[in-house]
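Me: I have a structure open and would like to go through it piece by piece. Can you help me read it?

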Amino acid sequence: MSTLENQTQVVRAERNDGALSQPRLEAERTAAFAHRAKPEYSPAIHAPDARGITFSQAIREAIAEEMARDERVFVIGEDVAEAGSVFKVLVGLVDEFGAERVIDSPISEAGIAGLGVGAAITGMRPIVDIMFGDFTTLVMDQLINQAAKTHYMSGGKLKVPMVLRTTLGASRRSAAQHSQSLHALFSHIPGLKVAVPATPYDAKGLMKSAIRDENPVVIFEDKMLYQQKGPVPEEEYTLPFGRADVKRTGDDITIVATSSMVYVALEAADQLAAAGISAEVIDPRTTTPLDVETFVQSAQKTSRALVVDEGYQQYGVTGEIAAVIADGAFYYLDAPVKRIGAMNVPVPFSPVLEDLTIPTAAYVVETAKALVSGQ
Amino acid sequence: MSETNAPNFSDDELDTEHWLHIYEQMVKIRTFEEAANELYTSAKMPGIAHLYIGEEAIAVGICEALRQDDYITSTHRGHGHCLAKGAALDRMFAELLGKEAGYCRGKGGSMHIADQETGNLGANAIVGGSAGIATGAALSVKMQGADQVAVCFFGDGALGQGLLYESMNMAQLWKLPVIYVCENNQYGEYTHHSETTAGSLVGRATGFGVHALAIDGQDIRAVHHTARLVVDRARKGGGPAFLVCNTYRFRGHHVGDIDRPYRSREEEAEWARRDPLTLLEDWLVKSKQTEAQVFQRIQRDVQTAVEAAVAFALDAPYPSESEVERHVYA
């Protein structure tokens, strides 16, 4: 085990001592949720005067608005209609648009992804709902060999305007096959676009853009964020892919964080501020395409960079982002670019163990302090 | 050939002209494939190709039952499907040679020819990989209130792929207008299907309640009549069908597979006696619809067209280097 991994374990164990004294499952869930999404660590507010809705409502609104706007848009997936999806994100959608456009499918992930590709090529705009991100492994061929390559292999003649929405994120005590953050797998593939929204505002804007995109898009929603509230304008808006969002400005260190790790980074930034360190928190919002320019400019300004993502650290999103920062800001950097991903282990069930695997604000603070102090 | 249960059909409804057009389409595929083989052996074609020789009756019999706006998905052994659905010889050869004039600007090659103008949603080099796409096209048709039919071509090897069964289940649940055409050419690459495929082939579809038939894939009349029936049924909302077309790959798995140690020369000779082109010729002559000279004229005309198409493709320019990053995203 490397020194860094040792440090990771020690710091994470310290951070999670509290979980040991809270044996009750519900209490653990609440605690886990709280440490992931504390409202006081809110990102820079877009549309501050807008009404507050949850991440879940934002996703639903985006889909409903696009279905009303374009009759080619439809949803297909397991338990999406009557049940309104397993996380209740789509409740009521079938009443609004009918069972022909909100289609309950068999438990056939590869099949529904394949149907989505075929429907997209022939004039529809399917939203394929894959309940858990872990189940996207079942649609690999349809996404990677079919959806991602159809436009290129056909010399630009065929298009696959399809959205695949799924989840990421641990800490629901759901064990190794319901907890992974697999967005890096798809971010690796030319021809696919990948979004990892962190706020209700970003979720709605990116979902609407994804549905209107002419390409296959995979959207990963952190299941721990569904109840997170934030301001979302009632007026029509979309957000561009490949445009990062500065969630907090700062001068001493750049922290690039994705999805729910944005909240971890913001919590860390608050703690760092108390210690006199000014952190800039940047949310890429999409991992493919990647807004390299914004990371590099920030790192050139702060001279230090740290990347936080809930995917496995090895060969992960953190590696790619750290590499582009190192490449673009090398002569401005005062320290190596550091990265913090999930531990390179299957996500364990036991709360005590699971909490060790996820990046925490405490560990981000420790790492940032070490970078700034030159240790 | 185990299961065959083609419906009874009457030849009265199709005239000689129609059958001669069908013959010409089969000759076109045969001649195209022989020229592709020649391009490979003379080192003029990059990569490899999987020849359709011996199976022509299936692509032509099915596609002649389709409209231009009906959809097909094809396979790695797909030249026959593309041509039968209406692809032009010159742009086909250009694609095989990686030229910009090809159907996919040279970026797809032999295994990925797509042509939306003729309803070809693309040949697929993942075995069984297009089962979902064809079924999704049929879902699209139904949602749009249109009346096209989608045909999914695949080989016996695809019977080992789970996606096919997931797709068939949904097609039957939702009565989608899709025809699954299993070209059982006896071998998945180098292994006989009996070593890889348990139980009944048609039973795989009847288990889902899908209308399923096994037919003689060498007999263009059986294929075409059956295709007309199931396509018409699907177009009218009768739901999916599954056809097992028993056939034989006259050549190897691909152009470089010339020794074929996995099967006997006797077996090949046995099947060669059931060449789909010869069977149609014999029937047309015996039923006194035409004379043998007509076939020679058609073969000559097709040969001339194929030679011109090859010359076009050989002369055509390669894509410019700027093409490499185009079309990653729409």
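Predicted model: local features only at pLDDT ≥ 70, side-chain atom pairs only at ≥ 80, totals over all residues.

Me: Which strands form the open sheet in chain A, and in what order?

Reply: The order is β3-β2-β4-β5-β7-β6-β12, which makes 7 strands, and the pairing is mixed. At the edges are β3 (102-104) and β12 (286-288) of chain A, each pairing on one side only. From one strand to the next, the twist averages 20 degrees.

Me: Which helix lies across β2, β4 and β5 of chain A?

Reply: That is helix α6 (residues 109-121) of chain A. It runs at about 170 degrees to β4(A).

Me: How many residues of β7 in chain A are buried?

Reply: Strand β7 (residues 217-222) of chain A has 6 of its 6 residues buried, so it is largely enclosed by the rest of the structure.

Me: Which residues are on which side of β7(A)?

Reply: A:V217, A:I219 and A:E221 are on one side, and A:V218, A:F220 and A:D222 are on the other. Both faces are covered. As background, side chains in a regular strand alternate between the two faces of the sheet.

Me: How many bridges join β5(A) to β7(A)?

Reply: There are 6, and the two strands run parallel. One of the pairs is A:T167 with its bridge partner A:E221 in β7(A). Strand β6 (residues 193-195) of chain A is also joined to β7(A), by 3 bridges and again in parallel. There, A:V194 has A:V218 as its bridge partner.

Me: Zooming out, how many helices and strands does chain A have?

Reply: Chain A has 14 helices and 14 strands. Of its 375 residues, 59% count as buried. Among contacts in chain A with a separation of 6 or more, 80% are between residues 24 or more positions apart.

Me: What domains is chain A divided into?

Reply: Domain 1 covers 3-36 + 242-373, and domain 2 covers 52-231. Their C-alpha centres lie 26 Å apart. In the contact between them, 31 residues of domain 1 meet 27 residues of domain 2.

Me: Which elements give two or more residues to the domain 1 side?

Reply: They are α3 (25-36), β12, β13 (305-312) and α13 (351-357) of chain A. α3(A) gives the most, with 6 residues. The residues on that side of domain 1 divide into 13 nonpolar, 9 polar and 9 charged.

Me: New topic. How many residues does the largest nonpolar core have?

Reply: It has 207 residues, and those with the most contacts inside it are A:I255, A:A265, A:V364, A:A368 and B:V151. Helix α1 (residues 16-41) of chain B gives the most to this core, with 11 residues.

Me: Why does this core lie between domain 1 and domain 2 of chain A?

Reply: Because both domains of chain A give residues to it. In general terms, nonpolar side chains tend to be buried together in soluble globular proteins.

Me: What does A:A368 touch?

Reply: Leaving out residues up to four places away in sequence, A:A368 touches A:I253, A:I255, A:A268, A:L272, A:I277, A:A279 and A:L306. Another core, of 7 residues, lies apart from the largest one, and among its members are A:Y312, A:M343, A:V347 and A:L356.

Me: And chain B, which strands form its open sheet?

Reply: There are 6 strands in the order β2-β1-β3-β4-β8-β7, with parallel pairing. The edge strands are β2 and β7 (211-216) of chain B. The twist averages 15 degrees from one strand to the next. Inside this sheet, strand β3 (residues 150-155) of chain B is joined to strand β4 (residues 178-184) of chain B by 6 bridges. B:V151, listed above for the core, stands opposite B:I179 in β4(B).

Me: Last one. How many residues does each chain put into the contact?

Reply: Chain B puts in 35 residues and chain A puts in 36. On the chain B side, β2 (120-124), α5 (131-143) and α6 (162-173) each supply at least two residues. The largest share, 10 residues, comes from α5(B). The residues on the chain B side divide into 17 nonpolar, 14 polar and 4 charged.

Technical notes: Residues numbered from 1 in each chain as written. Chains lettered and ligands numbered in written order. Pairing = 2+ DSSP bridges. Helix = DSSP H or I, 4+ residues; strand = E, 2+ residues; numbered from the N terminus. Axes fitted to C-alpha atoms, helices over the stretch in contact; angles between N-to-C directions. Contact = placed C-beta atoms within 7 Å. Nonpolar A, V, L, I, M, F, W, Y, C, P; charged D, E, K, R; others polar. Core = buried A, V, L, I, M, F, W, Y, C linked by C-beta atoms within 7 Å. Buried ≥ 20, exposed ≤ 12 C-beta atoms within 10 Å, placed from the backbone. Domains from an automatic or database assignment.
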